[in-house]
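Biologist: Please show me the structure, and then let us discuss the terms used to describe it.

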Amino acid sequence: GHLAQRHRHAQRIRRSPPRWGRGRIAKYVTRHADTYRYIHDQTLRLANHGRTMSEIAEELALPEALSREWYNRGYYGTVSHNAKAVYQKYLGWFDAHPAHLNPLPPEDAAEKYVEYMGGADAVLARAEEHFAQGEYRWVAEVLTHVVFADPGNQRARELSADALEQLGYQAESAVWR
């Protein structure tokens with residue numbers, strides 16, 4: 001039901017007909033511009049209140065008046081992506097946390113994370129519990145360390161793929177799917 005409806009809507013978006021009529025075109029362009037202005041202004045407002053790029057991306061949502069327009073939905077880009085882009089344009093990649101100035105490369109960090117977490121088997125056991133609870137974002141994140149530490153760990157790769165697949169099913173954005 002729901003996925004089929006999404007698929008039909010996505011098909012319609014891809015085949016979106018041109019807009020005719022000065023009024024309809026003006027409304028579309030204005031609402032779309034309003035959306036980008038809102039994301040821009042609210043991202044900077046939240047940054048000025050000390051929020052990091054990730055916090056803003058998690059918190060920011062379009063108001064009803066903008067989000068109900070189908071062309072402002074996150075079928076391709078998302079509010080999260082766009083807010084991060086605005087943040088990075090003005091403030092760069094650094095989130096002001098000193099530990100993030102010069103982090104270890106992913107492979108080196110992953111080995112240490114997995115060791116700290118009690119080894120790959122312990123991480124996988126916990127990740128399976130979190131997967132069963134529907135915490136797919138966390139499972140994907142934590143298993144990234146196991147896979148970077150040991151790319152040959154098939155169990156970690158498969159559970160990570162399962163988590164990413166579940167996130168894809170839940171995603172409105174084609175990029176996220």
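**Terms and the values behind them**

Modeller: Ala96 counts as exposed because its relative accessibility is 60%, where exposed means over 50%, buried under 20% and partly exposed in between, with a 1.4 Å probe and protein chains only. This is a predicted model, in which local features need pLDDT of at least 70 and side-chain atom pairs count only at pLDDT 80 or more, while totals for chains, interfaces and linings use all residues. Residues are numbered from 1 along each chain as its sequence is written, and side-chain values use heavy atoms, with hydrogens and water left out.

Biologist: Where is Ala96 placed, and what is its phi?

Modeller: Ala96 lies in the loop between helix H5 (79-91) and helix H6 (106-116); helices are DSSP runs of H or I with at least four residues, numbered from the N terminus. Its phi is near 75°, a positive value in a residue other than glycine. Most residues other than glycine have a negative phi.

Biologist: Why are H7 and H8 called roughly antiparallel?

Modeller: Their axes cross at roughly 165° and come within 9 Å. Axes are lines fitted to C-alpha atoms, for helices over the stretch in contact, and angles run from 0 to 180 degrees between N-to-C directions. Angles over 145 degrees count as roughly antiparallel, and H7 and H8 are therefore roughly antiparallel to each other.

Biologist: What makes H8 roughly antiparallel to H9?

Modeller: Helix H8 (residues 136-149) and helix H9 (residues 154-170) pack at an angle of about 150°, with axes 9 Å apart. That angle makes H8 roughly antiparallel to H9. The residues of this contact comprise 11 nonpolar, three polar and two charged. Here Ala, Val, Leu, Ile, Met, Phe, Trp, Tyr, Cys and Pro count as nonpolar, Asp, Glu, Lys and Arg as charged, and the others, Gly among them, as polar.

Biologist: Which residues touch the most other members of the largest nonpolar core?

Modeller: They are Ala127, Val139, Leu143, Val146, Ala156 and Leu159, in a core of 14 residues. A nonpolar core is a set of buried Ala, Val, Leu, Ile, Met, Phe, Trp, Tyr and Cys residues joined through side-chain atoms within 4.5 Å. Helix H7 (120-132), H8 and H9 each give two or more residues to this core, and H8 supplies the largest share, seven residues.

Biologist: What is Val146 in contact with, leaving aside its neighbours within four places in sequence?

Modeller: Val146 is in contact, meaning heavy atoms within 4.5 Å, with Val114, Ala120, Val123, Asn153 and Ala156. A second, separate core has 11 residues, including Ile39, Ala47, Met53 and Tyr87.

Methods:
Parallel < 35°, antiparallel > 145°, perpendicular 65-115°, else oblique.
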